[in-house]
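Trainee: I am new to this structure. Please take me through one part of it closely, and then show me where the chains meet.

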Amino acid sequence: MSMHDPYAVLGVSPQATDAEVKAAYRELARKYHPDNYVNNPLSDLAQEKMQEINEAYDTIVRMRQNGNSTGYNRGNAGSSQYADIRNMIAANRVSDAEMLLDGVPAAARNAEWFFLKGSVLYKKGWLEDALSHYNTACRMDPTNMEYRTALNHMMQNRHTGGYRPAHTSGGCDGCDMCTGLICADCCCECAGGDLIRCC
Amino acid sequence: MVGYVQMYKPEMKMREYEQYRGVYCSLCKCIGKRYGLPLRMALSYDLTFLALLSMAMHKECVGFTSSRCSYNPLKKCLQCQQTAALETAADITALMLYYRLEDHIRDEGFFGRLTARLYMPIAKHYRRKAQRYLPQADVWFAEMSAAQCAIEAADTCSLDAAAEPFAQLLERLLGNLTDDPKQQQVAQRLGYCLGRYVYLADAAADMEQDGKTGSFNPFVKSCSLNVGDRQALQNCRAYTAEVLRHCQAECIAAFNLLELHRFEGVLRNVLQEGISHTVDTLSQPKEEKRKKSV
């Protein structure tokens, strides 16, 4: 992979503070996090992008001599009877995976079957059928975090449209109020008074 | 099936709006020059989006220059020098018009069919021309049309199956915008999810009407909708909003992975705020539609 300027990858200037670099990294990680692309046919490209972002952040942190490197670990689904089908899905061999899944008799279809069939449908873009299968998988195995996470992510997308609206500028929150009062207190004390006794 | 992929002006930067209008006006001129005045009536924001996306994915500079509107010479507008993307969008406009009219002749009521038949001769002429420029695209459109007929004849309840032909068409059209294999994969996914969104948005817009007339509508089928029941109608509208937002989320996930050389703000406005606004409008009852914003 060609070496890009790490600051350009994170979209910050080389003079940015550590806090600004961290905020930029967090924003990008939120966008390209593997959880957003679970079973998505573009997951390998998203993974490449995420790797690029992680490397850029690590490089900047190392260059600034902090020594902390961050990274992420994709959750391992563990061993399963459908390991070969999982491998096919991960390799985007959607038709092959679907054919094998459809070959399983109806009576033998467990929660994992419904989850994997849902994953195949999601890769194909058949979102409604995918949702229905994920729902069934979660109903059959309510404690499985892999199925629950996938379902929750889908439900969130159905309500938010998959993006966070840009923050509106202006307005005043609690932090602004406290900051304003502390500044007013400092100015008052410089002039000889004391706005807030305990500060 | 046009009008569902538009900008949302209140959240657009002035610069982005000027770029959007510039491409829209350039597309209008390109259609006029390539096909003639009548096809300019079929100018749409949806194909403007396609032209913008194509320009964004290629390195060549768009080269805006100042010009004047052909309809209103007092009005200034921007003109693009890079015309390849505009020509493709013009050709697809012609193909889309022809196949939409064919669809109307099959499905609409008496007056709908009559109107479609009146426009058909000129649409056929435009289609023949577009076929020479984009033979592969015409084949894709024909395949979509045949598959759509088969789905409607089968009277399926599955939203996914109903949306598949149009989704596949847009998958192919957008995949054709680039030669880079990785970017092609991304563009295809964006095309599939956008095509799915457009088809289902059109179905959502026609839901009430189709419920009354008994025409094929995937939402009426999947919700077993009785349009006389207000609560059921409201529930079905809420469901359509969820389905459309899901398509939107997938479009944005794909869009985030595209390597764009320009117009990212414009395109993001269309996919985020634009689609959200359309979905909000579609999911409201007709009698409570908000006043049109700026």
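Mentor: Start with the largest nonpolar core. This is a predicted model. The core holds 150 residues. Among them, A:Leu10 and B:Tyr197 touch the most other members. Look closely at B:Tyr197. As background, nonpolar side chains in soluble globular proteins tend to be buried together.

Now turn to the interface. Chain A brings 28 residues to the contact, and chain B brings 29 residues. Three residues stand out on the side of chain A: A:Trp126, A:Arg158 and A:Tyr163. They supply 26% of the area that chain A buries against chain B, more than any other three residues. Between them, the two chains bury about 2,500 Å². Carbon and sulfur atoms account for 54% of that area.

A:Arg158 forms a salt bridge with B:Glu242 through their side chains, at 3.0 Å from N to O.

Which elements of chain A give two or more residues to the side that touches chain B? They are α2 (18-32), α3 (43-63), α6 (111-124), α7 (127-140) and α8 (145-160). By class, that side of chain A has 11 nonpolar, eight polar and nine charged residues.

How values were computed: Residues numbered from 1 in each chain as written. Chains lettered and ligands numbered in written order. Predicted model: local features only at pLDDT ≥ 70, side-chain atom pairs only at ≥ 80, totals over all residues. Heavy atoms only, no water. Contact = heavy atoms within 4.5 Å. Buried area = accessible area lost by both parts, 1.4 Å probe. Salt bridge = Lys/Arg side-chain N within 4 Å of Asp/Glu carboxyl O. Helix = DSSP H or I, 4+ residues; strand = E, 2+ residues; numbered from the N terminus. Nonpolar A, V, L, I, M, F, W, Y, C, P; charged D, E, K, R; others polar. Core = buried A, V, L, I, M, F, W, Y, C linked by side-chain atoms within 4.5 Å. Buried < 20%, exposed > 50% of the residue type's maximum accessible area, 1.4 Å probe, protein only.
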